[in-house]
Amino acid sequence: MAAEGVKRLVSQGHGPSYQTIPTLPLQDRIREQPKWSWRLNLAGFGATIGAAVPVGYCTGVVNSPAVHIRAWCEATLVARYDLQLSASALDLLWSMVVSLFLVGGAVGSVTGASIANRFGRRGSFYICGVLLLLGSVCFYVCRWLSSVELLLLGRLLVGLAGGLITACMPMYHSELAALPQRSKLAPLCPMGLTAGVVVAQICSLQSVFGDEQHWHIALAFYGIFVVICYAPFKWYPESPKWLYIVKGRKQQAAKELQLLRGYAADSEALRAELSDMEQEAKVDSTPSTYLQVLRNPQLRLPLIIVCAYLGGQQLSGINAIFFYSVSIFRKAGLTAQAAEWANLGAGSVNLATSLLGPMLMERVNRRPLMAFSTFFCAVFLFLFAMLLQFIESFSWFAMGCVGCIFLYIFVFQFGLGPLPFFIGAELFEVAPRPAAMSLGSVVYWMCNLFIGMTFPTLQNAWGALVFLPFSINCLLLFLLTIRYLPETRGRDPSDVAPLVADGFKSKCIPQF
């Protein structure tokens, strides 16, 4: 029987083009199904709990104890330096505490590609753990040592770790998993980020660690997850694709595949995967630089999709909704304490819906999930803005706002929440993947910073209408999805890449 083939991007003298590369026949490629080995589960869940959860934790932990941390910063500067800050200077200092995490995320994303290529996906995960642990130590001792500098340093360190996580972890999970397993592993990183925010909301409650005496414990508590999940680090596997294609360590890659999949040494499925890697290595085993990815017209559309999804997720208003939710719950008639618990309930709905991610991603195509999520996010944000604008007109408008918040959070996690983090791993092949996903991660953190710095000002200027641009952003993402996003579920990136190689002239066949 004639061998099958896939199209791969080949660099030639006249420029890059896609050519058909032969592979093993289909019946040999699917004869043996990969197993869920303990090493694969360790890498999936251990990396998520040990790295993604702490990053999500650091995103949301400073909100509740903010008043106590600000007061401590002011008192510490007076005691150590005899420096009395004005109200505006104190606001600027607090902005630094909040924004250093986001700046660190952008810087960490920029370095993500080079670190992932040089030290491997597993090595990137290790560096993230070191940064997170150092940040936790800074948070824990800053109050004892009366050091605002350690607080700022800790925020920068965990931000650097966050940038590496969003750039490298989805890639790490994607390259560890076999094609049938990818849909279950892919949503773990965004799920971990969401879980971390909820854990932070619990730990930073005034009745837990969010009071005047224990806020430093709230900031550092995530270190427990890091220590537990990094203890068995020597058993975490390295990406077989990085070993084989980038480093040329073919025997080590084959051994990792056996341990990850449960294959026998003479397995036809093992030979099929190694054959695919060999063909990809022959075509192009040199990792692409940022400039090469930006200049390559055949990578332009997938890069735009990745950047638009990651940036658009932050511009969809999810962080603004959580920022505004407590005041909305208060206007709905809840007490201050009840509003705080209702806000925790909203975060719990966010987490509970995200837990459906692996099941949804395995059974439902990416395009309908993303289209459904972005469209209804746009609808509920629009309704929320209108109800909030006229909240005093009718008594039931306040409860309508609460309903819109919960419905928006619910549909957000169907596609717009998890999919942007891993869609790059399904659109790009190994060579351009680190640079492309790092660029997307940079956009993610920069948009996060933009919202954090501008939302309070725009809210004061526009009131409830500040949520209309978020609704328009979701509508634009919906249009991008139905027009240009190829279906990636159950497909190798080598099969997907040619579908978007013609840029905006590409015509992706709808698969709903």
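**Helix packing and loop residues in a predicted model**

Val-466 touches Phe-455, Leu-458 and Gln-459, once residues up to four places away in sequence are set aside. Val-466 itself sits in the loop between α21 (433-462) and α22 (468-484).

Next comes the chain as a whole. The protein chain has 23 helices and 2 strands. Its C-alpha trace spans about 75 × 50 × 40 Å along the principal axes. How does the radius of gyration of the protein chain fit with that of a compact globule? For 512 residues, a compact globule would come out near 24 Å, and the protein chain has 23 Å, so the two agree. Of those 512 residues, 58% count as buried. There is also a count of contacts between residues at least 6 apart in sequence: 79% of these join residues that are at least 24 apart.

Now to the way helices pack. Two packed helices are described by the angle between their axes and the distance between the axes. Helix α18 (residues 366-389) and α22 have axes 8 Å apart, and they pack at an angle of about 160°. An angle over 145 degrees counts as roughly antiparallel, so α18 and α22 are roughly antiparallel to each other. The crossing in which α18 passes α22 is left-handed. On the α18 side, the residues making the contact include Arg-367, Met-370, Phe-375, Leu-381 and Met-386. On the α22 side, they include Leu-468, Phe-470, Cys-474, Phe-478 and Ile-482. Sorted by class, the contact of α18 with α22 has 16 nonpolar, 3 polar and 1 charged residues.

A second pair is made up of α16 and helix α19 (residues 396-412), whose axes are 8 Å apart and meet at an angle of about 25°. Because that angle is under 35 degrees, α16 is roughly parallel to α19. Here α16 passes α19 in a right-handed crossing. From α16, the contact is made by Ala-342, Gly-345, Ala-346, Val-349, Asn-350 and Thr-353, and from α19 by Phe-406, Ile-409, Phe-410 and Phe-412. The classes in the contact of α16 with α19 come to 7 nonpolar, 3 polar and no charged residues.

Asn-350, one of the α16 residues in that contact, gets a closer look. Asn-350 is found in helix α16 (residues 336-354). Is Asn-350 buried or exposed? Its relative accessible area is 9%, so Asn-350 is buried. Apart from neighbours within four places in sequence, Asn-350 is in contact with Thr-194, Phe-322, Ile-409, Phe-412 and Gln-413. Among these partners are Ile-409 and Phe-412, which also turn up on the α19 side of the helix contact.

Which residues make the contact between α5 and α20? On α5 they are Thr-166, Pro-170, Met-171 and Ser-174, while α20 brings in Phe-421, Phe-422 and Ala-425. Split by class, the residues of the contact of α5 with α20 are 5 nonpolar, 2 polar and no charged.

Most residues other than glycine have a negative phi. Asp-82, however, has a phi near 55°, a positive value in a residue that is not glycine. Asp-82 is found in the loop between α3 (66-81) and α4 (87-142). At 68% relative accessibility, Asp-82 is over the 50% cut-off and so counts as exposed. Ser-146 is not a glycine either, yet its phi is positive, at about 50°. Ser-146 lies in the loop between α4 and α5. With 29% relative accessibility, Ser-146 counts as partly exposed.

Notes:
Residues are numbered from 1 along each chain as its sequence is written. This is a predicted model: local features need pLDDT of at least 70, side-chain atom pairs count only at pLDDT 80 or more; totals for chains, interfaces and linings use all residues. Side-chain values use heavy atoms; hydrogens and water are left out. Contact means heavy atoms within 4.5 Å. Helices (H or I, at least four residues) and strands (E, at least two) are DSSP runs, numbered from the N terminus. Ala, Val, Leu, Ile, Met, Phe, Trp, Tyr, Cys and Pro count as nonpolar, Asp, Glu, Lys and Arg as charged, and the others, Gly among them, as polar. The radius of gyration is taken over C-alpha atoms; the globule rule is 2.2 Å times the number of residues to the power 0.38. Buried means under 20% relative accessible area, exposed over 50%, partly exposed in between (1.4 Å probe, protein chains only). Axes are lines fitted to C-alpha atoms, for helices over the stretch in contact, and angles run from 0 to 180 degrees between N-to-C directions. Angles under 35 degrees count as roughly parallel, over 145 as roughly antiparallel, 65 to 115 as roughly perpendicular and the rest as oblique. A crossing is left-handed if the near helix is turned anticlockwise from the far one by less than a right angle, and right-handed if clockwise.
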